[in-house]
Amino acid sequence: MGKDILRNSLLGAVAVSLMAFGAQAQTVVVRAAQLLDPATGRMLADPVVVITDGKVAQVLSAAQAPADPAGATRVDLPGVTLLPGLIDMHVHLTSTPIYGGYNYLQFSDAFWTAVGTRSAKDTLEAGFTTVRNVGSEFYGDVGLREAIAEGHIPGPRIVTAAYSFGATGGHCDSTFFPPSMDEKSPYVADGPEAARRNVRTLRKYGAQVIKICATGGVFSRGSEPGAQQLAIDEIKAVTEAAHMAGMKVAAHAHGAPGIRAAILGGVDTIEHASLVDDEGIRLAREHGAWFSMDIYNTEYTQSEGRKNGVLEDNLRKDRDIAEIQRENFRKALKAGVKMVYGTDAGVYPHGQNGRQFAVMVRYGATPLQAIQTATVNAAQALGQAGDVGVVAPGAWGDLIGVTGDPLADVTLLEAPVFVMKGGETVKAP
């Protein structure tokens, strides 16, 4: 019996080796006018990017490059500047802003995952090849991630949070219904033990990052954005359980007390950070926390929200914090707080993710700094440095292209003419 097992194992190994030897590597060669390295801000003229089986194999100048490998697919992009595929660290693919207020109750639960298929496609075609989805009911984002990975639908790589959670009656709970309906999130966490249990359960069913709500929010009911809603011992319980499992933690935190508690509690990224104070900025620098500040979307909310059914109290809260958040972005950036690109897409239409770059520049970032937040910075904050956010050997073959120089005109990133994910062309001139 033992000899038969050994013989079968050896035969199987030989068969696999022969299959690998006979397999044809899929190689794509992309040539363009120039390539921006966001880590340094340098431009490589006449780049040649060789991508094999979805990963970057070589990055050369045309003068250095040998002839294209036999059988390679060639993509010529004259006049185009290449960049790494972009990363949005704060999206909600299974949400859409066109059903505001109570309008979403027209639809079944499964409707929202179906909506997410369109959101994923629009996001990818906008040049965002990686996103972090920080909140989705019914594990809709996990389903999208799986369907994209299996090739059933187009979309970016998704780092999934599944349900975001917080305190009973807080921003991550269901707050728009009377007591008779007993409507609540299945993942509220009152106390450290409940918080730990939520982390473990969410991880069990497909969460790859944990998102908590440390403060009130704009689009919930019954609290103000500045109000702290999770105690520091609850936050520490979340981060300890998540970090033990190799997961990072994002905290929705508008108000200064909640921001300080989240940082001291070990959270990795602070979402919104609208009302941050000097102490919060100091703590972020000291602890290395990243800020993800969505400073574009208020323009959509204020112009289209009422028409979409958003309630006046929610519009009022958005108005109250909008300009404060933008000025605090300027202040935190100047102070040296680490920044990542997060838009809260889903609060405004997916596919418009690139519109925030210009607002970041308007409020103090250089074009290069803005681009870094959506490439090398975001990759580092995800724990995926070297895999995404760069065009370098070993990274995924994710590229976007614009006609012109994005360091001179960052609005070019709002409508890339070329998008490639894993060596496969998604959009071409």
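Predicted model: local features only at pLDDT ≥ 70, side-chain atom pairs only at ≥ 80, totals over all residues.

**Stop one: α5 and α6.** Select residues 232-244 for helix α5 and 256-264 for helix α6; their axes come within 8 Å and cross at roughly 40°. The two helices are therefore oblique to each other, and their crossing is right-handed. Now show side chains: I232, I235 and K236 of α5 meet A261, A262 and L264 of α6. By class, that contact of α5 with α6 has five nonpolar residues, one charged and no polar.

**Stop two: α7 and α9.** Next, pick residues 278-287, which are helix α7, and 312-335, which are helix α9. Here the angle is about 40° and the axes are 10 Å apart. That makes α7 oblique to α9, with a right-handed crossing. For the contact itself, select D278, I281 and R285 on α7, plus K331, A332 and A335 on α9. Colour by class and you'll get three nonpolar and three charged residues, with no polar ones.

**Stop three: the second largest pocket.** Which residues are the closest to the centre of the second largest pocket? Select I148, P156, R157, I158 and K421 to see them; in total, 31 residues line this pocket. The space inside is about 700 Å³. To see where the lining comes from, highlight β7 (128-133), α3 (140-149), β8 (157-160), α12 (376-382) and β16 (424-427), each of which supplies at least two residues.

Technical notes
Residues numbered from 1 in each chain as written. Heavy atoms only, no water. Axes fitted to C-alpha atoms, helices over the stretch in contact; angles between N-to-C directions. Helix = DSSP H or I, 4+ residues; strand = E, 2+ residues; numbered from the N terminus. Parallel < 35°, antiparallel > 145°, perpendicular 65-115°, else oblique. Left-handed = near helix turned anticlockwise from the far one by under 90°. Contact = heavy atoms within 4.5 Å. Nonpolar A, V, L, I, M, F, W, Y, C, P; charged D, E, K, R; others polar. 1 Å grid on protein atoms, 1.4 Å probe; cavity = no way out; pocket = protein on both sides within 12 Å on 5 of 7 lines; lining within 4 Å. Points joined across faces, edges and corners; volume = space filled by probe spheres on them.
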